[in-house]
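User: I have a structure open and want to go through a few spots in it. Can you take questions as they come?
Analyst: Go ahead.

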Amino acid sequence: MRIIDDVKLDFKDVLFLPKRSTLASRQQVDLTRRYTFKHSRHSWSGIPIMAANMDGVGTVSMAKALYEQKLFTTLVKSLSNETIHNLLQDVDPQFFAVSTGTGEKDWLRLQSILQENPTIRFICIDVANGYSEHFGNFVEKVRQQYPHHTIIAGNVVTADMTQELILRGADIIKVGIGPGSVCTTRKQTGVGFPQLSAIIECADAAHGLGGHIIADGGCTNPGDVAKAFGAGADFVMLGGMLAGHDEGEGRVIEEHYITSHLNPATNKPTIEVKQFIEFYGMSSATAMEKHHGGVAEYRSSEGKTVRIPYKGPIRATLLDILGGLRSTCTYVGAPTLKQLSKCTTFVRVTQQINNIFS
């Protein structure tokens, strides 16, 4: 047993230090990035914010809505070949990835999808624990079979495994274990790593090899998205921040509450209607019941199921995130998203926001 005594930081532990800026308006900030990936040699251009491959987030409707803003979607693993084929009629394959696990059925499904849809360019190999030898072997097998596809692989939180997965064929590494809003891995297992430090360390390791990383999990507001980019992330993946919208294709749940206010016409208490959508982690009992018939006896649920307020169409949320990101860039003097990390100085804090009216 050993203990790492170095301070490790999360989004809540820092703020950006503002700096002189020549930008007169947020409109001058360019959020577009252009990347060329190490193994596939494929070039991509867009705004590098991604919808997570979760039920209620990585849907066909979400992919269409995000594509309008030139954002990216990692599709849920449960979509059929036909559904993915139909999506290609509306969304450029540059702006979504098909997701897969590492089992034999996953491998057969992936081959079938790519055979029937040869224009797809991105593959997301997604497991909760990216440290197993089986996972690394699977990444290597996919790379050998599909040398010209861009491979996303994860999740990990350390520099050494980031480098190993890149050397085994991954182009983009998904970084984050346990920070998600509906993830209970840290509670169930005690395993994890503060997300901001994980991004900093994994980005440094990936960039040294010509690879890229995705900051996956832990963002609760636009400021956190900006901090992830400031820490060196090439992409930021969002789950909870994009959940609860029409495009998540979830069922809206209505609940009625008797209030203390009287209706003057009837002199009876008024009824308040609140709308919710169910959101759950992909390692939760809810997800495993839906996709695998239940929680296997040898494992436990590592996700929770919550009801979040129904938020309507996604567009306003997307504009809020992009607006916040542009504003960050103006505060630190970064005319482009590419330059944000170069202009970033983080200040460690004990409190980042005033919650008195929250």
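User: Start with Gly-178. Leaving aside neighbours within four places in sequence, what is Gly-178 in contact with?
Analyst: This is a predicted model, to begin with. Leaving aside neighbours within four places in sequence, Gly-178 contacts Cys-183, Thr-185 and Arg-186.

User: Where does Gly-178 lie?
Analyst: Gly-178 is in the loop between strand 9 (172–175) and helix 6 (185–189).

User: Buried or exposed?
Analyst: Gly-178 has a relative accessible area of 13%, so it counts as buried, the cut-off being under 20%.

User: Which residues carry the "binding site" feature in UniProt?
Analyst: The UniProt record, an unreviewed entry, places "binding site" at Gly-178 and Gly-180. Gly-180 also sits in the loop between strand 9 and helix 6, and Gly-180 is partly exposed, with a relative accessible area of 25%.

User: Switching to Asp-13. Where is Asp-13 found, and what does it touch?
Analyst: Asp-13 is in the segment before strand 1 (14–16). Not counting residues up to four places away in sequence, Asp-13 touches Lys-8, Val-347, Arg-348 and Val-349. Its relative accessible area is 17%, so Asp-13 is buried.

User: Now helix 10. How far apart are its end C-alpha atoms, and what should the helix span?
Analyst: Helix 10 covers residues 315–332, which is 18 residues. At 1.5 Å a residue the span should be 26 Å, and the end C-alpha atoms are 26 Å apart, which agrees.

User: Which of its residues are buried, in helix 10?
Analyst: The buried residues of helix 10 are Leu-318, Ile-321, Leu-322, Leu-325, Ser-327, Thr-328, Cys-329, Thr-330 and Val-332.

User: And what covers the buried residues of helix 10?
Analyst: The cover includes strand 1, strand 4 (49–51), helix 1 (60–68), helix 8 (222–230) and strand 11 (235–238).

User: Salt bridges next. How many does the count come to?
Analyst: The count is 11 salt bridges. One of them joins the side chains of Glu-140 and Arg-168, at 3.0 Å from N to O. That pair links distant parts of the chain, 28 residues apart: Glu-140 is in helix 4 (residues 133–145), and Arg-168 is in the loop between helix 5 (159–167) and strand 9.

User: What does Glu-164 meet in a salt bridge?
Analyst: The side chain of Glu-164 meets that of Arg-168, at 3.4 Å from N to O. Glu-164 is partly exposed, with a relative accessible area of 32%.

User: And Glu-255, what is its partner?
Analyst: Glu-255 pairs with Arg-307 in a salt bridge of 1.9 Å, N to O. This pair also links distant parts of the chain: Glu-255 is in strand 12 and Arg-307 in strand 14 (residues 305–309), 52 residues apart. Salt bridges that share partners also join Lys-77, Asp-126, Lys-174 and Asp-216 into one network.

User: Last topic, the surface. Which residues form a nonpolar patch?
Analyst: Ile-258, Ile-271 and Val-273 form one on the surface, with about 300 Å² of accessible area together. Ile-258 lies in strand 12 (residues 252–263).

User: Why does Ile-258 count as exposed?
Analyst: Because its relative accessibility is 66%, and exposed means over 50%.

Technical notes:
Residues are numbered from 1 along each chain as its sequence is written. This is a predicted model: local features need pLDDT of at least 70, side-chain atom pairs count only at pLDDT 80 or more; totals for chains, interfaces and linings use all residues. Side-chain values use heavy atoms; hydrogens and water are left out. Patches are made of residues with over 30% relative accessible area and no salt bridge: like charges are joined within 9 Å, nonpolar side chains (Val, Leu, Ile, Met, Phe, Trp, Tyr) within 5 Å. Accessible areas come from the Shrake-Rupley method with a 1.4 Å probe; for residues, only the protein chains shown count as cover. A salt bridge is a side-chain nitrogen of Lys or Arg within 4 Å of a carboxyl oxygen of Asp or Glu. Helices (H or I, at least four residues) and strands (E, at least two) are DSSP runs, numbered from the N terminus. Buried means under 20% relative accessible area, exposed over 50%, partly exposed in between (1.4 Å probe, protein chains only). UniProt positions are given in the numbering used here, feature names are shortened, and annotations may be inferred rather than shown by experiment. Contact means heavy atoms within 4.5 Å. The expected span of a helix is 1.5 Å times one less than its number of residues.
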